[in-house]
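Visitor: I am new to this structure. Please show it to me, and I will ask how you know what you say.

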Amino acid sequence: MEALVLEMQDPKDGVKSQTQRLVITTIPHAITGEDIVAWIANRFKIDAQEARTLGTMMVAFGYIYPLQDHKKLIIKPDASLYRFQTPYFWPAQQWPAEDTDYAIYLAKRNIRKKGVLELYEQEHYSNLHKWINHKWDFIVMQAKEQYRSVAGKERKKPDRVVFDCQERAYWVVHRPPVSKSHCPDKGGPTGSLPINTQPTIVIIFTQQSIMRSRVKSSVSIGAIVKYMTTYNNHDPFLAPCLPSNPWLTDDTTYWELNLPNVETPTKMRVERWTFGFQELLNDPRGRADFRLFLKKEFSGENLAFWETCEDLKWGAAATMKEKAQQIYKTFLAPGAPRWINIDGKTMEITVKGLVHPHRYVLDAAQTHIYMLMKKDSFGRYMKSAVSKETQKKAICPECSWSLFHKRKPSLSPIILRQREEEEKARLAASGPVDITQVMSKLEKRNMLREGQKK
């Protein structure tokens with residue numbers, strides 16, 4: 001392809017180029033799309049359709065770039081203006097399209113355009129600013145320096161426009177718009193063959209993953225240390241069971257104190273509720289305490305709705321449709337007895353999904369109510385009299401070390417059976433021998449042998 005491009009630029013037999021006017025700027029060595037198509041068709045003795053396809057490939061790979069509609073990487077068989085790309089930007093140079101170079105280019109365009117960039121360029125610009133924020137000052141400095149060198153008075157305006165078009169064409173090829181609505185056209189006019197010249201979806205996904213912000217290792221380690229410090233006393237491998245471990249002793253007090261709906265919880269159990277709203281909901285005793293608080297706040301329907309959504313999500317499939325209709329009549333229908341307050345968009349999504357109910361049809365409404373309770377009700381609950389009264393009544397059992405040696409290990413059944421046989425043998429050897437029983441055993445054994453021989 002590069003050999004073909006060199007042949008097309010031949011002064012005698014190549015594509016005819018001339019100075020053209022673009023808006024108010026004169027562009028030297030410009031060529032038209034119809035001249036390119038005609039030259040390719042004449043060179044290879046092919047029809048115009050194949051010539052346009054080959055020309056589109058040359059534009060897509062960056063050997064020819066458009067001067068007017070830079071986002072459409074195609075050859076138009078009309079008077080549209082094109083130019084040959086400088087060899088510096090050819091794929092043979094193997095110049096890696098690095099994020100730093102692209103960030104410098106976008107920063108330079110941002111300075112020249114005064115913040116007016118294409119929508120996909122703004123997305124790339126913000127993502128790069130987050131990804132390489134540690135050297136953004138260097139990028140801005142390089143962009144300003146390059147802008148001064150290009151925009152200097154010693155450089156003519158046509159040269160500045162040409163260089164800007166060359167650089168923009170390179171980045172349109174190597175950093176195309178990601179979103180479908182801003183993606184350059186991949187096919188020509190009506191009747192042309194579509195050419196898959198843009199990077200595949202895998203490459204686009206990889207580029208997005210590289211530019212996605214990551215959490216520093218120090219922040220991750222700090223979060224792990226904070227979590228371990230918070231849950232240290234609640235880890236069954238690091239903290240003992242109070243008052244004793246039921247698996248090592250015969251004392252079942254630990255299980256009795258930690259029943260799902262025990263009347264008086266332990267202090268450690270109540271302390272765990274303060275770690276987060278999800279911890280409170282996961283504990284049946286904490287949820288009952290929170291339900292009592294919501295009843296006093298006249299908002300108990302929020303927790304009831306969340307619980308019914310959980311029952312629908314994890315319940316039997318046979319009753320799923322009936323449960324969904326019952327939840328709608330109780331919490332969502334106009335004039336419902338326990339109507340919940342959700343926004344109109346969430347209500348519209350939920351009602352539309354209830355036409356064909358499934359397990360997760362109420363997820364949007366459930367999430368809305370969950371966040372409402374977490375941000376508003378949970379904080380007021382922690383400061384309420386209900387929570388303080390529960391914390392005051394909570395008990396702290398003391399460790400009972402004397403119970404740890406109360407339970408004795410049991411012997412294996414094999415050992416017990418061996419001991420029984422040894423005891424029988426000892427008794428048989430020490431007691432008197434009954435001759436009649438011995439003779440009867442010998443006679444039976446002889447009869448069995450004779451029967452086997454026969």
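Visitor: Which residues touch the most other members of the largest nonpolar core?

Guide: Met8, Ile36 and Ile64 do, in a core of 38 residues. This is a predicted model: local features need pLDDT of at least 70, side-chain atom pairs count only at pLDDT 80 or more, and totals for chains, interfaces and linings use all residues. Residues are numbered from 1 along each chain as its sequence is written, and side-chain values use heavy atoms, with hydrogens and water left out.

Visitor: What makes a set of residues a nonpolar core?

Guide: The members are buried Ala, Val, Leu, Ile, Met, Phe, Trp, Tyr and Cys residues, joined through side-chain atoms within 4.5 Å. In soluble globular proteins, nonpolar side chains tend to be buried together.

Visitor: Which element supplies the largest share of this core?

Guide: Helix α4 does, with six residues. Helices are DSSP runs of H or I with at least four residues, strands are E runs of at least two, and both are numbered from the N terminus. The chain has 20 helices and four strands.

Visitor: What does Met8 touch?

Guide: Its contacts (heavy atoms within 4.5 Å) include Ile36, Trp39, Ile64 and Phe84, not counting residues up to four places away in sequence.

Visitor: Why is Asn302 called buried?

Guide: Its relative accessible area is 8%. Buried means under 20%, exposed over 50%, and partly exposed in between, with a 1.4 Å probe and protein chains only. The value of 8% falls under that cut-off, so Asn302 is buried. Asn302 sits in helix α14, residues 300-314. Beyond its neighbours within four places in sequence, Asn302 is in contact with Ile340, Ile369, Leu372 and Met373.

Visitor: How many residues of the chain count as buried?

Guide: Of 454 residues, 35% do.

Visitor: What makes a space a cavity?

Guide: On a 1 Å grid over the protein atoms alone, a cavity is a set of points where a 1.4 Å probe fits but cannot get out. The structure holds two cavities of 30 Å³ or more.

Visitor: Which residues line the second largest cavity?

Guide: Among them are Tyr102, Glu121, Arg168 and Trp171. Lining residues have an atom within 4 Å of a point. Helix α7 gives the most, with three residues.

Visitor: How does that lining divide?

Guide: Into five nonpolar, no polar and three charged residues. Ala, Val, Leu, Ile, Met, Phe, Trp, Tyr, Cys and Pro count as nonpolar, Asp, Glu, Lys and Arg as charged, and the others, Gly among them, as polar.

Definitions and conventions: 1 Å grid on protein atoms, 1.4 Å probe; cavity = no way out; pocket = protein on both sides within 12 Å on 5 of 7 lines; lining within 4 Å. Points joined across faces, edges and corners; volume = space filled by probe spheres on them.
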